[in-house]
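Me: I am new to this structure. Please show me how to read it, feature by feature.

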Amino acid sequence: MLKKTALATLIAAASAMPLTQAQAADYQIDTEGQHAFIQFKISHLGYSYILGDFKSFDGGFSYDPESPDDASVNVTVDVNSLETNHAERNKHILSGDFLDASKFPQATFKSTGFDVDDDGDEAEMTGELTIHGVTKSVTFEVDHIGGGDDPWGGYRQGFEATTELNLADFDIDMSAFPESMRTLELYVVLEGIRQ
């Protein structure tokens, strides 16, 4: 009787293992539905702010709510899709004075680690960010917005993340501008559809 019980327990445990592993899923970032954003904010001479975003990007992430520390993200941004609601400013930022988008048309982020707090809703994600042809390790503060079924039969997860970039780290020369303009706040919202 004891052997039968032990065998049944082992079989049940082995059967349950794929179910746990199956909870890990890959998500395609929902850029078509405008539920994902890559936005930035930078001081304008210390008197106001320039707000902008990148309209075109794609990528995905992997996330398992049972093992959130294993999450990963991969995003590619079309630098020429930059928009600040001012055509001449867009052109200047994309020029060789700043982003040099003709030479460096893509920016990328590939995560290297994800450290989640005890309740699983806040985390720090580290990764390799490439802008202006320069790759640096950066850390994003990440909040899990939520996850669940959508009205169209899919399943979604959503996150928001922020970081501050020193533009000189990416060989973008801001020395002619006030100190307040030498750093940039980056705000990212990623809603993904489970594949």
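Me: In β8, which residue is the bridge partner of F114?
Reply: M125 in β8 is the bridge partner of F114. Two strands count as paired if DSSP finds at least two bridges between them. Here β7 and β8 run antiparallel, joined by eight bridges. One caution before we go on: this is a predicted model, where local features need pLDDT of at least 70, side-chain atom pairs count only at pLDDT 80 or more, and totals for chains, interfaces and linings use all residues. Residues are numbered from 1 along each chain as its sequence is written, and side-chain values use heavy atoms, with hydrogens and water left out.

Me: Which elements does the protein have, from the N terminus on?
Reply: Helices (H or I, at least four residues) and strands (E, at least two) are DSSP runs, numbered from the N terminus. The protein has two helices and 11 strands. Their order is α-β-β-β-β-β-β-α-β-β-β-β-β.

Me: Which strand is joined to β7 by five bridges?
Reply: That is β5, residues 72–78. β5 and β7 (residues 106–116) run antiparallel. V77 stands opposite A107 in β7.

Me: How do side chains point along a strand?
Reply: In a regular strand they alternate between the two faces of the sheet.

Me: What do β9 and β10 form?
Reply: They form a hairpin, with five residues between the two strands. In its turn, G153 has a positive phi of about 90°. β9 and β10 (residues 155–166) pair in the antiparallel sense over eight bridges. G147 stands opposite Q157 in β10.

Me: How many bridges link β10 and β11?
Reply: There are 11, again in the antiparallel sense. β11 covers residues 183–194. N166 stands opposite T183 in β11.

Me: What makes a salt bridge?
Reply: Side chains of opposite charge can pair when their charged atoms come close. The cut-off is a side-chain nitrogen of Lys or Arg within 4 Å of a carboxyl oxygen of Asp or Glu. The structure holds five salt bridges. In one of them, D30 pairs with R156, with the closest N and O atoms 2.8 Å apart.

Me: Why does the pair of D30 and R156 tie together parts that are apart in sequence?
Reply: D30 lies in the loop between β1 (25–29) and β2 (37–44), whereas R156 lies in β10, so the pair links parts 126 residues apart in sequence.

Me: Is D30 buried or exposed?
Reply: Buried means under 20% relative accessible area, exposed over 50%, partly exposed in between (1.4 Å probe, protein chains only). D30 is buried because its relative accessible area is 8%. R156 is buried too, at 13%. Of the 195 residues of the protein, 36% count as buried.

Me: What about the salt bridge of D53 and K55?
Reply: Their side chains meet at 3.2 Å, N to O. D53 is buried, at 13%, but K55 is exposed, at 52%.

Me: Which residue forms a salt bridge with R182?
Reply: E179 does, the closest N and O atoms being 3.2 Å apart. R182 is partly exposed, at 27%. E179 is exposed, at 59%. Elsewhere, salt bridges that share partners join D30, D150, R156 and E191 into one network.

Me: Which residues form the negative surface patch?
Reply: Patches use residues with over 30% relative accessible area and no salt bridge; like charges are joined within 9 Å, and nonpolar side chains (Val, Leu, Ile, Met, Phe, Trp, Tyr) within 5 Å. Asp and Glu count as negative. This patch is formed by D69, D70, D115, D118, D119, E122, E124, E141 and D143. β8 (122–131) and β9 (134–149) are the elements giving two or more residues to the patch. E124 lies in β8. At 37% relative accessibility, E124 counts as partly exposed.

Notes. Areas by Shrake-Rupley, 256 points an atom, 1.4 Å probe, with all protein chains shown as cover. Charge placed at Lys NZ, Arg CZ, Asp CG, Glu CD.
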